[in-house]
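The sequence and structure come first, and the description follows.

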Amino acid sequence: MECDAPEDGRPALIDTLCGVQNTDQLEFVSGLYRKYGSDLAAVIEQQREFHAANRARMTPQLDDIEAEVTYLRLRELRPDKVMELGTFHGWSTTWLLSALRDNGTGHLYSYDRIDNVIANVPADLAGQRWTFTRGDVQASLDEIPRDLGYLFVDADHGRRFGQWYLAHLFPIVPSGTTVSVHDVFHGRKARAWSEGAEVVSWLEARDVPLFTAARKRTPEVFEALNAVRAELGIEGARGTTKNPMIWFTLP
Ligand SMILES: C[S@@+](CC[C@H](N)C(=O)[O-])C[C@H]1O[C@@H](n2cnc3c(N)ncnc32)[C@H](O)[C@@H]1O
C-alpha cells in the first residue's frame with residue numbers, strides 16, 4: 001500500500017491510509033489535554049526541574065507531546081499494571097510514574113539491560129509503585145504480569161527485536177490493552193528493516209488503526225495538538241518536536 005496523503009478531497013487530517021486513524025483520536029487526546037491540563041502543567045514543571053538537576057547523568061529520550069500524551073492516557077485509563085520496556089536513564093519512567101502517582105493507584109514494571117534508572121528516579125516518585133528488572137527482557141518473559149493495563153515499548157529498534165516481541169510479548173498482553181511504541185515515525189514512513197516497520201505491518205495485517213502525533217508523519221495532528229497546548233498555555237518540558245511514537249489498542 002502506498003502511504004501518501006489522501007487524494008479524494010478529504011481534509012488532510014483524515015489520514016486513514018496505512019491504518020492511521022487520527023480524527024477520533026485527535027478529539028479524544030485534545031479532550032484529555034483539557035481535562036488534565038493543570039495536573040499536566042505541574043508534571044511538566046517537575047520534569048523540567050528533574051532534567052535540569054540531572055543533566056550530567058540523564059539523557060531524556062521522549063519528545064514533549066508523546067510524553068504528555070502518554071501521561072494523559074494513563075490518567076484516563078487508570079491501569080493497575082503498566083509495563084515499561086526500555087527505561088534508559090529514566091525519562092519515560094518518571095513520566096509513567098508521575099501518572100500513576102497522580103492517579104493514586106497503579107504499579108509500574110520496568111525492564112532494561114542497564115540500571116542507571118535506579119539512581120535517577122526520585123525515591124518519593126518510585127514509592128511502592130515501581131519494580132525494576134535488569135537484564136534482557138527476553139529472559140524475563142515468564143515474570144511479566146499477565147494482566148497488564150498499558151504497555152510502553154522503547155527498547156531495541158531493530159527488526160529482529162520487533163519480531164520477537166510481536167511473537168512472544170504481545171500474546172501475553174490482554175486484548176484491548178493500549179500499547180505505545182516509540183521511534184516509529186521519524187520520517188513520513190517507518191524506516192525499512194526497523195522494529196517500527198515490523199509493528200506497522202503487523203497492525204496493517206490486522207486492520208488495527210494507530211494514532212500518532214509525529215511531526216513528519218502527521219503534521220496536521222502535530223499542529224492541532226500544539227494549538228490545544230497553546231490555548232492551555234502548555235509548553236513542553238524539553239522543547240523537542242519529532243514525536244515518533246505510535247499508540248494502538250491491542251487486538
Ligand atoms: C531508547 S532507550 C529508552 C529510552 C527511555 N524510554 C527514555 O524515555 O529515556 C532504549 C533502552 O532499551 C534498552 N534495551 C534494548 N534492548 C533491550 C532488551 N532486549 N531488554 C531490555 N532492555 C533493552 C536499552 O538498554 C536502552 O536503555
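## A helix and its surroundings

Directly after helix α3 comes G104, a residue with a positive phi near 75 degrees. The model is predicted.

Helix α3 itself covers residues 91-103, 13 residues in total. From the first C-alpha to the last, α3 reaches 19 Å, which is close to the 18 Å expected at 1.5 Å a residue.

How many of the 13 residues of α3 are buried? Ten are, so the helix is mostly covered. The buried residues of α3 are W91, S92, T93, T94, W95, L96, L97, S98, A99 and L100.

### Packing against other helices

Two helices that pair with α3 are compared below. Helix α1 spans residues 23-53, and helix α2 spans residues 64-77.

| Pair | Axis separation | Angle | Handedness of crossing |
|---|---|---|---|
| α1 and α3 | within 11 Å | roughly 140 degrees | right-handed |
| α2 and α3 | 9 Å | about 30 degrees | right-handed |

The axes of α2 and α3 pack at an angle of about 30 degrees. Angles under 35 degrees count as roughly parallel, and α2 is therefore roughly parallel to α3. For α1 and α3, the axes cross at roughly 140 degrees. This angle makes α1 and α3 oblique to each other. The crossing is right-handed for α1 with α3, and it is also right-handed for α2 with α3.

### The ligand shell

Which residues are closest to the ligand? They are Q61, G86, F88, S92 and D156, out of 19 residues that surround the ligand. S92 is also one of the buried residues of α3. Helix α3 supplies at least two residues of the shell, and so does strand β2, residues 107-112. Sorted by class, the shell holds eight nonpolar, six polar and five charged residues.

### A buried glycine in a loop

G149 sits in the loop that runs between β3 (130-134) and β4 (150-153). Is G149 buried or exposed? A residue counts as buried if 20 or more other C-beta atoms lie within 10 Å of its own. G149 has 20 such atoms within 10 Å and is therefore buried. Along the chain, G149 and D64 are 85 residues apart, and their C-alpha atoms are separated by 23 Å.

Terms used
Residues numbered from 1 in each chain as written. Predicted model: local features only at pLDDT ≥ 70, side-chain atom pairs only at ≥ 80, totals over all residues. Helix = DSSP H or I, 4+ residues; strand = E, 2+ residues; numbered from the N terminus. Expected span 1.5 Å × (residues − 1). Buried ≥ 20, exposed ≤ 12 C-beta atoms within 10 Å, placed from the backbone. Near = placed C-beta within 6 Å. Nonpolar A, V, L, I, M, F, W, Y, C, P; charged D, E, K, R; others polar. Axes fitted to C-alpha atoms, helices over the stretch in contact; angles between N-to-C directions. Parallel < 35°, antiparallel > 145°, perpendicular 65-115°, else oblique. Left-handed = near helix turned anticlockwise from the far one by under 90°.
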